[in-house]
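Biologist: Could you walk me through this one with me looking at the picture? I'd like to ask things as they come up.

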Amino acid sequence: MRIAMNKSTDYDLVIIGAGPAGLAAAIAAKDSGVERILVIERDREPGGILNQCIHTGFGLHTFGEELTGPEYAARYIKEVAKRDIECRYDTTVTDITREKTVTAVSARYGLTRINAGAVILAMGCRERARGSLNIPGFRPAGIYTAGCAQRLVNKEGVMPGKEVVILGSGDIGLIMARRMTLEGAHVRLVAELLPYSGGLKRNIVQCLDDFDIPLKLSHTVVDIEGKDRVSAVTIAQVGPYRKPVPGTRVRYECDTLLLSCGLIPENELSKSAGVGLDTVTGGPIVGDNLETDVDGIFACGNVLHVHDLVDYVSREAYLAGKNAAAYLKRGGYEGAKKVAVEAGSGVRYTVPRFIRPSFMDDKLTVRFRVDNVYKGKSIVTYLNGTPLHRKKRPVMAPGEMEEVVLKKTELNEYPNLSSILIRLEDG
Amino acid sequence: MIKRELTCIGCPLGCPITVTYENIDSENSLSPSEPCGADPISNQPPLSGEDNKAAVPINHAGRVKIIDITGYTCPRGKAYAEKEVTDPRRTVTTSVKVKGGIYPVVNVKTAADIPKTEVFACVNALRDVTVAAPVKIGDTVLKNVAGTGIDVICAGNVQVSPQSCEM
């Protein structure tokens, strides 16, 4: 019993963020025996992004019901309250050190330094904004990220605009196409840079087809007009290398442009703690126990990699909480053999990036995304070059996270295990 | 005989399903080759409800004969496909104004799915509804919205504000 008894720590476990990841991690840690837990949340209440996601589709795997975001959050908030886990709201963490000292500021608690036995990063992600997209034009009012528009409509009760063009067919863009339409706006079209949509197929049906909103694949916004307020946007088709195709420009008069162009895990704090990040996901590199390369700092949820389904966020976060508890009881894994998980052909990235076969759970879920749309392929897992299992998947798309389950017994059949490879193959 | 390609919306898998069927009611306004239930919601008349029920048939169940359904990977998919052709429905999620709460709006949903043709009628009926804080998940907001027999209920919590937060 090393670190848990460390009297110099103010809390055994500090969790950054009380969204779905932070809440599930807190519950799991408490149920695994961690006593002094502090959850720090910058918003006034827990729930994270779920609070503004008023559409249904949450909880199908977890509860067998289709709940709205706030309803799903409410279930976890209730479980946290039942366990009397301490949470601080309106409190922003500004720094984390390698030694797990967390600096936080709030009106209520002032400037505080908190020494933690372990830390779980659960800060979620941000949206890519117009500045990163390099779209020409002035800076008129009327350009919002889709999530910002969602917040305005669903929490502040205000309409961002009336004549809307949406760039990006990720789920947030699709959901807002429907939301704005239901509130009386006229959504002219959704333009998507890639030749396929990044959102769930069900959202194409429920949010676009249902409302006759055109989806233009391989299109992007090439110009924004308007000085004080957006007055028009110009859409063009893109060809190879995503360059606009001459002669395909179409101008749409509108007063609002919503951008749904990618989610980026929010890892400024992780960087200040010296946590190594994966350049593909933008989130920390973690092993099978979801620990980063900094001793005792774990990551889960959208800060680790952007998820499609909150049910999987909860499962992942639950494991992070459980593993943080195990870490507190027995310390770190220095010296344990690590085997890298390689993302082979067709696989964009995997979480975790490596496994410690001696210490892994009996069953480990490796989550990953493919790098394109694939039909009629199988997911094949290799251990030391020998195929372990094949999973046939008729359709796979980057917008839908996949998984492979590895069993400890399977890995232990290779005492000299040195490589784990996951890739796509025909058939 | 009509073949309609659907994407199931029962779960995020979104299985592609093909439904083959016939329109059997010769008195209806649909031609034999016109798909049922495929109309976009926005093409529906903005306010149907009781008066207009005769003008916009909602349930095609008596008028459609399903011949075959293929492509589903679970029973929910088959059920969805059949329903989508005979009696297409949607759950509506939106927000209504709150008086005296820490937020000016609260999110609501229809307690069950309602006919696709009534979606705008539902949203319009909620336009003039204001609820008083505190409101919690499950509270009834509007009974029998747009004559569908289905209630609109609260799907979020809004506490009372120490100072008023009205729109």
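Biologist: Which residue in β8(B) does B:Val98 stand opposite?
Modeller: In this predicted model, B:Val98 stands opposite B:Val131 of strand β8(B). The strands concerned are β5 of chain B, residues 93-99, and β8(B), which run parallel and are joined by three bridges.

Biologist: And what is the order of the strands in that sheet of chain B?
Modeller: The sheet is open and has five strands, in the order β8-β5-β6-β10-β9 of chain B, with mixed pairing. Its edge strands are β8 (130-132) and β9 (140-142) of chain B, each of which pairs on one side only. Ignoring direction, neighbouring strands are turned against each other by 45° on average.

Biologist: Which strands of that sheet does α5(A) touch?
Modeller: Helix α5(A) packs on the sheet and touches β5 and β6 (105-110) of chain B, and the direction of the helix makes about 90° with that of β6(B).

Biologist: OK, staying with α5(A), at what angle does it pack with α6(A)?
Modeller: Helix α5 of chain A, residues 146-156, and helix α6 of chain A, residues 171-182, pack at an angle of about 35°, and their axes are 9 Å apart. Two packed helices are described by just these two quantities, the angle between their axes and the distance between the axes. As for handedness, α5(A) passes α6(A) in a left-handed crossing.

Biologist: Which residues meet there?
Modeller: From α5(A) they are A:Ala146, A:Gly147, A:Ala149, A:Gln150, A:Val153 and A:Asn154, and these meet A:Ile172, A:Gly173, A:Ile175, A:Met176, A:Arg179 and A:Met180 of α6(A). By type, the residues of this contact divide into seven nonpolar, four polar and one charged.

Biologist: Changing topic, is α1(A) mostly covered or mostly uncovered?
Modeller: Mostly covered, with 10 of its 12 residues buried. Among the buried residues of α1(A) are A:Pro20, A:Leu23, A:Ala26 and A:Ile27. The elements covering them include β1 (11-16), β2 (37-40), α3 (69-82), β8 (110-121) and α9 (310-330), which belong to chain A.

Biologist: How far does α1(A) reach, and what follows it?
Modeller: From its first C-alpha to its last, helix α1 of chain A (residues 20-31) reaches 17 Å, close to the 16 Å expected at 1.5 Å a residue. After α1(A) comes A:Gly33, which has a positive phi, near 105°.

Biologist: You mentioned α3, so where does A:Glu79 lie, and why does it count as partly exposed?
Modeller: A:Glu79 lies in helix α3 of chain A. A:Glu79 counts as partly exposed because its relative accessibility is 25%, and that class lies between the cut-offs of under 20% for buried and over 50% for exposed. A:Glu79 is 53 residues from A:Ala26 in sequence, and their C-alpha atoms are 9.6 Å apart in space.

Biologist: What about β1(A), how many of its residues are buried?
Modeller: Six of the six residues of β1(A) are buried. Strand β1(A) runs parallel to β8(A), to which five bridges join it, and there A:Ile15 has A:Ile120 as its bridge partner. Four bridges join β1(A) to β2(A), again running parallel, and the partner of A:Leu13 in β2(A) is A:Ile37.

Biologist: Last one, what order do the strands β10 to β13 and β17 of chain A have?
Modeller: They form an open sheet of five strands, in the order β10-β17-β11-β12-β13, with parallel pairing. The edge strands are β10 (143-145) and β13 (215-217) of chain A, and the twist averages 20° from one strand to the next.

Methods
Residues are numbered from 1 along each chain as its sequence is written. Chains are lettered from A and ligands numbered from 1 in the order in which they are written. This is a predicted model: local features need pLDDT of at least 70, side-chain atom pairs count only at pLDDT 80 or more; totals for chains, interfaces and linings use all residues. Side-chain values use heavy atoms; hydrogens and water are left out. Axes are lines fitted to C-alpha atoms, for helices over the stretch in contact, and angles run from 0 to 180 degrees between N-to-C directions. Helices (H or I, at least four residues) and strands (E, at least two) are DSSP runs, numbered from the N terminus. A crossing is left-handed if the near helix is turned anticlockwise from the far one by less than a right angle, and right-handed if clockwise. Contact means heavy atoms within 4.5 Å. Ala, Val, Leu, Ile, Met, Phe, Trp, Tyr, Cys and Pro count as nonpolar, Asp, Glu, Lys and Arg as charged, and the others, Gly among them, as polar. Two strands pair if DSSP finds at least two bridges between them. The expected span of a helix is 1.5 Å times one less than its number of residues. Buried means under 20% relative accessible area, exposed over 50%, partly exposed in between (1.4 Å probe, protein chains only).
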